[in-house]
Structure formats: structure tokens, C-alpha cells
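Hi there,

Here is the structure I promised to pass on. Have a look at it first, and my notes follow below.

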Amino acid sequence: MRILGIETSCDETGIAVYDDELGLLSHQLYSQVKLHADYGGVVPELASRDHVRKTLPLIDAALEESGSTKNDIDAIAYTAGPGLVGALLVGSTIARGLAFAWQKPVVPVHHMEGHLLAPMLEEEQPEYPFIALLVSGGHTLLVEVKQLGDYTILGESIDDAVGEAFDKTAKIMGLEYPGGPRLAKLAELGEKGVYRFPRPMTDRPGLDFSFSGLKTFAANTLRAEGGMDNTNEQTKANIAFAFQEAAVDTLLIKCKRALKQTGLKRIVIAGGVSANVHLRAALGDLMKKLGGQVYYPRTEFCTDNGAMIAYAGMQRFKAGHVSNDAVVKPRWPITELLAM
Amino acid sequence: MSVILALDTSTEACSAAIITDNAEFSEYEVCPREHNQKLLAMVEKVLADAQLTLDDVDAIAYGSGPGSFTGVRITTGIVQGLAYGAQLPVIGVGSLAAMAHGVFRRTGANHIISAIDARMAEIYLGAYHITELGKVNPLMDEVVTQPHDSINHLPKDNWTSIGTGWQTYKTELLAQQAVNQDSVEFFPHALDIALIGKQQWAEGDFTSAELTTPTYLRNEVTWKKMPGK
């Protein structure tokens, strides 16, 4: 069986064709990063306008790349939420219009379930159950995955998502949007031990996160050094290093707790921040020490993409979770999903 | 025989219509915030009433705006999917022209000023002369503008007005032109989009699914660039 996946929840247009026997046959991605750079963040209206221009040409390209015509496609999956409502509507309306014309079933997909299952597109796949750490510009979630579709949230951020904290701190440091990856790069030049940032909410039990304080701590440190214009590059790199060290360490502490609490030995990390080299290395070391294993999607599937939506859509389709309900859900807790 | 399917969700109303050479079928409802759920059901209904399928349709006309950004995109997205899937040509029809055509179709009045409340103290504005069904001649470029000083440049004529802009800015607009107020309908109707679309299609004025785009008119005011960009 073959499915077309459509992702338009934020600032990437992603389209893919997945076959349950042959695997991923094609995936197309258009990133709007440049479009939003001048505004210092994603402008929802501009994101929606760009999805309207890009979605159909990418569908056309993905179908051609996979050698599929309408007769080869068994269902159409699209991201129904969570995300920007206007952006979600573009993917949902095109999916439903196309499905009407082709007389195919439609599968609404939860964006975070897409991220969570993205490692299943790799050769080395985790077995259920496992812990998933979903980290991006919009989410910081620790989830216990008992089986496909059975999710329990163990912890989440009570304020900024970790990727959001990276981006905001980068902005404070004068780095261009999207600052997160640039901040991580700057941190590579930093020296260990110059600054010590707090590890928020690790001094008490529980698996929730808070990252907005780290951003404030970075701003205060920079100010104490004389402000952005009077601080040399090495000092900025040292601040970036200390910020990243604290953010990663905090994630690590909570992951360790989650593994201990559940007794699980497998962890999946996904979402844009899962591309962070420092985080990958630290989690790798931790799991080696614990005798467990860490699983990631390939770097291009860490950020938003159509492949993960096509894959998750195929699992939902097989479970019969098709829907004629055209509603998109900008807020949609992953725990509301039906088990499969 | 030519068969035109038309869709519109550019304002508070949601509508779909089918016209053939000798029959018209349409669905229309004022249902803000429900357009995404209702539009395809309306398409299904008018096709069923006409005893046709999408394969029988020759071209799809759509309300391209201006109007609600999200509303215009709902129709655009569904039309892109339908037209790509069924390999049909697409005809864009402006919502202001469609409203003017509706006045002509219902009352025979043929000089019409359409104004939609565009929020932020502005209106979407257009003026039209209509001589026969399907043929709409614009008398000015469609614009987004402040209400004052917006229509006093038009010649004094036997104008009829339509649209929510005339409700919100009645005083400002009436100070510039005397008009007969059309208060039966405020919104575009897919039937008018089908009739205008059929004419445009006959004149070769159509495009492909990929090039189906909304007309926003308002392009740079609601978001601000970083300093120095």
C-alpha cells in the first residue's frame, strides 16, 4: 500500500510518498527559513502564503520521483495539528480537495507523532516500548511510548520550548534567525568552565522542564560583561557554551530520570533540536553507561518533513483511522490520539 | 455543453454552484469559521443535484478574493486539490466583481460599487459596469483603501452599493456618492462566480491548478521587518 504525506504545520512544506513494502519512495522539502529571516521569526501569514505556492508543485514532484500516479496511491495523509492554524489549513484543504478528486481516504496525522516515529524510517529501528524525547522550536516533551499510538506524557516544558530558548538566546547574542543552530556553532568555540548556568527544575523531583530562565541568565551574563556591543567574540562563545551545556545537561538529567522511572533502556530523540551534536553525543554516552541504546532519525528528518507524516499516516491508515472531518487542531495533545 | 463548478469562501459566506448550459444548482450559507468543514460537502451536494461527477466538469471557477486571508486560502487549497486531481483548468473570479454581478443578476442595476470591510479602518473596493450576465467591466483597479476620499473620483451616476464596507462606513462613503443601497445580500455567491467564470473561460482567461493563487490586495501592513532589513 502506498500513501502520500503532506506537512505544512509551520515553516517547511514537506511532501513524501511512502510504501509499506518498499519504504520511502520520495520526499520533497521546501524550507521558508530565508523568507522569515528578515522578521526574526516565523510570520504566520507569510508562512501560509508560501505554503499555497509550494505545496502542489512539491506533490507533483514527489509523485513523479516515486513513479506514482493516482492509481498507485491508496490514501492521503496530512498534518492536522498541532501547528499554525493558517499553515495547517493549506495542507488540509489541498489534501481533501485531491482526495475528493481521486476518491481516496484521508488520514489526519498528529505532527508530534510524525516526529516520534521518524526513527522508524531508518534501518535501525527501536522496538516498543521506549522513551521519546521530542525537542524542537515548539515542543519539549518526554513521552513513554508503550506501543504504536499508546503515549503517556512524562514531562514537558512549562514555558519556552528548548529550541525556542536556543533561538531567543541567539537573538540576544546578536545572531541572525534562525539562531539556534548558529548559537550551537558559536558554542563550539567556547571554553568550558568560564560560566556556570543553572539547570532549571532539576533540584526537585519531576520530569517537567523550564527553559525561559536560561535565556534570562544568558542576557544577564552578557550585560554584566558590558553588553552585546562591548563583548568580544570569545566571551560570547563562552556564554553560548555555558548555555548549551546547561540546556543539554538539563535534558539529560530528565531523560535519566524518565528511564529510571519506567525501567526502559531505549530512547528515541527527534525534532529539530535532536540534530544538536552536543546533545547526541551526551545522550550516546549516557545510554552506553546505562547499557541501553539511543535512536535518531537522519538529520534531514529531525526538522519538519513530509516523510514522517507519510510514515505515521500509513500506520494510522492501516489501523483504519481515516476521517472525513476537515477540522485542523492548532492545539492537540498527543495523549488524545487513539491507540492502534 | 459546458459545465462550470464554482466555489467561494472569501467572506463570511460559504457557497458552491454548478452551471450547465440550461441549469443552475447552488448551495449558500453564511457560516463564518465553518467554511473548511462545509465547502466540500457543498461541492458534493451540487454535483449530486446536477447528477454529475467531477469528471463531467469542464473548469473550476473560484472566488479569488480579496476578503478574509484564511477564507480565500480555504477555497484556493480545495480548488488546487480538486483541479490537480481531476486535471481541470481553473478560473479566478474576484469577490468584489462577483458581488456586483449578484446585484445585477437580482435587480438589473448595472452601475455597482462593491466594498468589503477589510478591518484596520480600511475597505476592499471596486466599481463595475455590467451589461449582461457574465460580463463585468471594472471601472477602477480593485484596491484596499481608507474609506474617505475613496469613491469621490468616480463620475456621478445611478450607483448601487453592496458589501459590508457600506455598512461599516456608511457615513464616509455616502458623503462621496449618492447610491441605492442593496441590502438583500452582502456577500459573494458562487453562482455569480460560475457565471463570470464561464465567460472568462470562453475568452481563454484561465490557469492551471499550480497557479491558482489568492488575491490578497493587502500585502505589507500586518507584519514588520527587523530593523535594517
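Which residue takes a positive phi just after α6(B)? That is B:Gly204, with a phi of about 80°. Please keep in mind as you read on that this is a predicted model.

Helix α6 of chain B covers residues 190–202, 13 residues in total. From first C-alpha to last, the helix reaches 18 Å, close to the 18 Å expected at 1.5 Å a residue. Its buried residues include B:Leu191, B:Ile193, B:Leu195 and B:Ile196, and also B:Asp192 and B:Gln200.

Now to where the chains meet. On chain A, 32 residues are in contact with 33 residues of chain B. Together the two chains bury about 2700 Å², and 67% of that is on carbon and sulfur atoms. The rule finds one salt bridge across this interface: B:Arg73 with A:Glu45, whose closest N and O atoms are 2.9 Å apart. Seven residue pairs are in polar contact across the interface. On the chain A side, α2 (44–66) and α3 (85–102) each supply at least two of the touching residues, and the largest share, 11 residues, comes from α3(A). By type, that side of chain A divides into 19 nonpolar, five polar and eight charged residues.

Helix α2 of chain A has something else for you. A:Asp50 forms a salt bridge with A:Arg53, the closest N and O atoms being 2.8 Å apart, and another with A:Lys54, at 3.3 Å. A:Arg53 is three residues from A:Asp50 in the helix, so about one helical turn separates them. A:Lys54 is four residues from A:Asp50, again about one helical turn. A:Asp50 itself is buried, with a relative accessible area of 3%, whereas A:Arg53 is partly exposed at 43% and A:Lys54 partly exposed at 22%.

Over all chains, the structure holds 25 salt bridges.

How values were computed
Residues are numbered from 1 along each chain as its sequence is written. Chains are lettered from A and ligands numbered from 1 in the order in which they are written. This is a predicted model: local features need pLDDT of at least 70, side-chain atom pairs count only at pLDDT 80 or more; totals for chains, interfaces and linings use all residues. Side-chain values use heavy atoms; hydrogens and water are left out. Contact means heavy atoms within 4.5 Å. Buried area is the accessible area (1.4 Å probe) that two parts lose on being put together, summed over both. A salt bridge is a side-chain nitrogen of Lys or Arg within 4 Å of a carboxyl oxygen of Asp or Glu. A polar contact is a pair of N or O atoms within 3.5 Å; within protein, one must be able to donate a hydrogen and the other to accept it, and residues adjacent in sequence count only if both atoms are side-chain atoms. Ala, Val, Leu, Ile, Met, Phe, Trp, Tyr, Cys and Pro count as nonpolar, Asp, Glu, Lys and Arg as charged, and the others, Gly among them, as polar. The expected span of a helix is 1.5 Å times one less than its number of residues. Buried means under 20% relative accessible area, exposed over 50%, partly exposed in between (1.4 Å probe, protein chains only).
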